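Work through the exercises below with the model open. Try each task before you read its solution.

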Amino acid sequence: MPVGALLLIPLSCCLGFITAKEAFCFRLLEGYLLGMIMPVYLFLYGIGSLDKEQAAYGLVIIAVMLIFFTFQKGFYAAPL
């Protein structure tokens with residue numbers, strides 16, 4: 001059921017806050033976008049605005065963005 005996705009919203013909010021914090025430290029715009037997109041997307045799926053195919057494509061896009069963000073952040077030196 002799509003309603004089960006509502007239970008993932010707290011997890012995606014935590015992951016979003018972590019990406020926003022990392023984006024602030026490393027000055028990367030993608031982290032702010034991910035921090036806003038993940039919870040909103042799962043909320044839209046949970047209330048039934050998206051069908052399963054749209055949800056699958058969106059979650060794949062979010063996963064690719066997270067991987068891209070991780071690799072992009074990996075080449076920066078840690079701020080002091």
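**Exercise 1.** Leaving aside neighbours within four places in sequence, which residues is Thr 19 in contact with?

*Solution.* Keep in mind that this is a predicted model. Start by placing the residue: Thr 19 sits in helix H1. Next, skip its neighbours within four places in sequence; the contacts of Thr 19 are then Gly 31, Leu 34, Gly 35, Met 38, Leu 66 and Phe 69. Last, check its cover. Thr 19 has a relative accessible area of 4%. Buried means under 20%, so Thr 19 is buried.

**Exercise 2.** Determine how helices H1 and H2 are oriented to each other, and list the residues that make the contact.

*Solution.* Two packed helices are described by the angle between their axes and the distance between the axes. Take the angle: H1 (residues 9-26) and H2 pack at about 170 degrees. Take the distance: their axes are 7 Å apart. Angles over 145 degrees count as roughly antiparallel. H1 and H2 are therefore roughly antiparallel to each other. Now list the contact. H1 supplies Ile 9, Ser 12, Cys 13, Leu 15, Gly 16, Thr 19, Ala 20, Ala 23 and Phe 24. H2 supplies Gly 31, Tyr 32, Leu 34, Gly 35, Met 38, Pro 39, Leu 42 and Phe 43.

**Exercise 3.** Is Ser 12 buried or exposed, and which residues does Ser 12 touch, not counting those up to four places away in sequence?

*Solution.* Ser 12 is found in helix H1. Its relative accessibility is 6%, so Ser 12 counts as buried. Not counting residues up to four places away in sequence, Ser 12 touches Met 38, Pro 39 and Leu 42.

**Exercise 4.** Classify Glu 22 as buried or exposed, and find its contacts beyond neighbours within four places in sequence.

*Solution.* Glu 22 belongs to helix H1. With a relative accessible area of 15%, Glu 22 is buried. Leaving aside neighbours within four places in sequence, Glu 22 is in contact with Arg 27, Phe 69 and Lys 73.

**Exercise 5.** Which residues form the nonpolar patch on the surface, and which helix gives the most to the patch?

*Solution.* The patch consists of Phe 24, Leu 29, Tyr 32, Leu 33, Met 36 and Ile 37. Together they have about 610 Å² of accessible area. Helix H2 (residues 29-46) gives the most, with five residues. Look at one member: Leu 29 lies in H2. Its relative accessible area is 57%. Exposed means over 50%, so Leu 29 is exposed.

Key: Residues are numbered from 1 along each chain as its sequence is written. This is a predicted model: local features need pLDDT of at least 70, side-chain atom pairs count only at pLDDT 80 or more; totals for chains, interfaces and linings use all residues. Side-chain values use heavy atoms; hydrogens and water are left out. Patches are made of residues with over 30% relative accessible area and no salt bridge: like charges are joined within 9 Å, nonpolar side chains (Val, Leu, Ile, Met, Phe, Trp, Tyr) within 5 Å. Accessible areas come from the Shrake-Rupley method with a 1.4 Å probe; for residues, only the protein chains shown count as cover. A salt bridge is a side-chain nitrogen of Lys or Arg within 4 Å of a carboxyl oxygen of Asp or Glu. Helices (H or I, at least four residues) and strands (E, at least two) are DSSP runs, numbered from the N terminus. Buried means under 20% relative accessible area, exposed over 50%, partly exposed in between (1.4 Å probe, protein chains only). Axes are lines fitted to C-alpha atoms, for helices over the stretch in contact, and angles run from 0 to 180 degrees between N-to-C directions. Angles under 35 degrees count as roughly parallel, over 145 as roughly antiparallel, 65 to 115 as roughly perpendicular and the rest as oblique. Contact means heavy atoms within 4.5 Å.
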